[in-house]
Amino acid sequence: MTDVTFAFDDNEYLPAVAQDAESGEVLMLAYVTEAALEKTRETGYAHYYSRSRDELWKKGGTSGHTQEIEEIRVDCDGDALLYRIDQSGGACHTGYESCFYRTLDGEDVGEKVFDPDDVY
């Protein structure tokens, strides 16, 4: 096994793409720190770093819509991660299955799977 060297940015973040392990759909993009990555590896559930709240968070900590890790992949430069996950509920805090539910023209093309007013 080869040790992977991570290329964290100047703020010590790496982008992490969450992808449904079964369907291949991209569900969201968030950022991780070393601590978030370690917590993810320890627990088997996705943890991220909230830049707006300046804190580590477990995906689904409030909503219950967790992301169980199936596999973590690292890109060729070591500066991005791919979390292949089993998503429980919707990935997007707006209620959609994926955060990528709109086209560039603003058309909703995704599936809304929960009402955020009932969750948050």
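Colleague: Is Ser50 buried or exposed?
Modeller: This is a predicted model, so the value is computed from predicted coordinates. Buried means under 20% relative accessible area. Ser50 has 6%, so Ser50 is buried.

Colleague: Which residue is the bridge partner of Ser50 in strand 4?
Modeller: Ser50 sits in strand 3, residues 47–50. Strand 3 is joined to strand 4 (residues 55–58) by 4 bridges, and the two run antiparallel. Beyond four places in sequence, Ser50 touches Glu55 and Trp57. The bridge partner in strand 4 is Glu55.

Colleague: Which residue in the turn between strand 3 and strand 4 has a positive phi?
Modeller: Strand 3 and strand 4 form a hairpin, with 4 residues between them. The positive phi is about 55°, and the residue is Asp54.

Colleague: How far apart in space are Ser50 and Ser63?
Modeller: In sequence they are 13 residues apart. From C-alpha to C-alpha, the distance is 16 Å.

Colleague: What is the strand order of the open sheet?
Modeller: The sheet has 4 strands, with mixed pairing. Its edge strands are strand 2 (26–32) and strand 5, each pairing on one side only. On average, neighbouring strands are turned by 25° against each other, direction ignored. The order is 2-1-6-5.

Colleague: Which helix packs on that sheet?
Modeller: The helix covers residues 34–43 and touches strand 2, strand 5 and strand 6. Its direction makes about 120° with that of strand 5. This is helix 1.

Colleague: Which residue in strand 2 is the bridge partner of Val17?
Modeller: Strand 1 (residues 14–20) pairs with strand 2 over 6 bridges, in the antiparallel sense. For Val17, the partner in strand 2 is Leu29.

Colleague: Is Gln87 buried or exposed?
Modeller: Gln87 lies in strand 6, residues 81–87. Leaving aside neighbours within four places in sequence, Gln87 contacts Leu27, His65, Thr66 and Gln67. The cut-off for buried is under 20% relative accessible area. At 14%, Gln87 is therefore buried.

Colleague: Which residue's side chain makes a polar contact of 2.9 Å with the side chain of Gln87?
Modeller: Two polar approaches involve this side chain. A polar atom of the Gln87 side chain lies 3.4 Å from the backbone oxygen of His65. The side-chain to side-chain contact of 2.9 Å is with Gln67.

Colleague: How accessible is Glu71?
Modeller: Glu71 belongs to strand 5, residues 67–74. Its contacts beyond four places in sequence are Leu82, Tyr83 and Arg84. Glu71 counts as partly exposed because its relative accessibility is 34%.

Colleague: What pattern do the helices and strands follow along the sequence?
Modeller: The protein has 2 helices and 6 strands. Read along the sequence, the pattern is β-β-α-β-β-β-β-α.

Colleague: What is the radius of gyration of the protein?
Modeller: The C-alpha trace spans about 40 × 30 × 25 Å along its principal axes. Buried residues make up 35% of the 120 residues. A compact globule with 120 residues would have a radius near 14 Å. The protein agrees with that, at 14 Å.

Terms used:
Residues numbered from 1 in each chain as written. Predicted model: local features only at pLDDT ≥ 70, side-chain atom pairs only at ≥ 80, totals over all residues. Heavy atoms only, no water. Buried < 20%, exposed > 50% of the residue type's maximum accessible area, 1.4 Å probe, protein only. Polar contact = N/O pair within 3.5 Å; in protein donor to acceptor, adjacent residues only side chain to side chain. Contact = heavy atoms within 4.5 Å. Pairing = 2+ DSSP bridges. Axes fitted to C-alpha atoms, helices over the stretch in contact; angles between N-to-C directions. Rg over C-alpha atoms; globule rule 2.2 N^0.38 Å.
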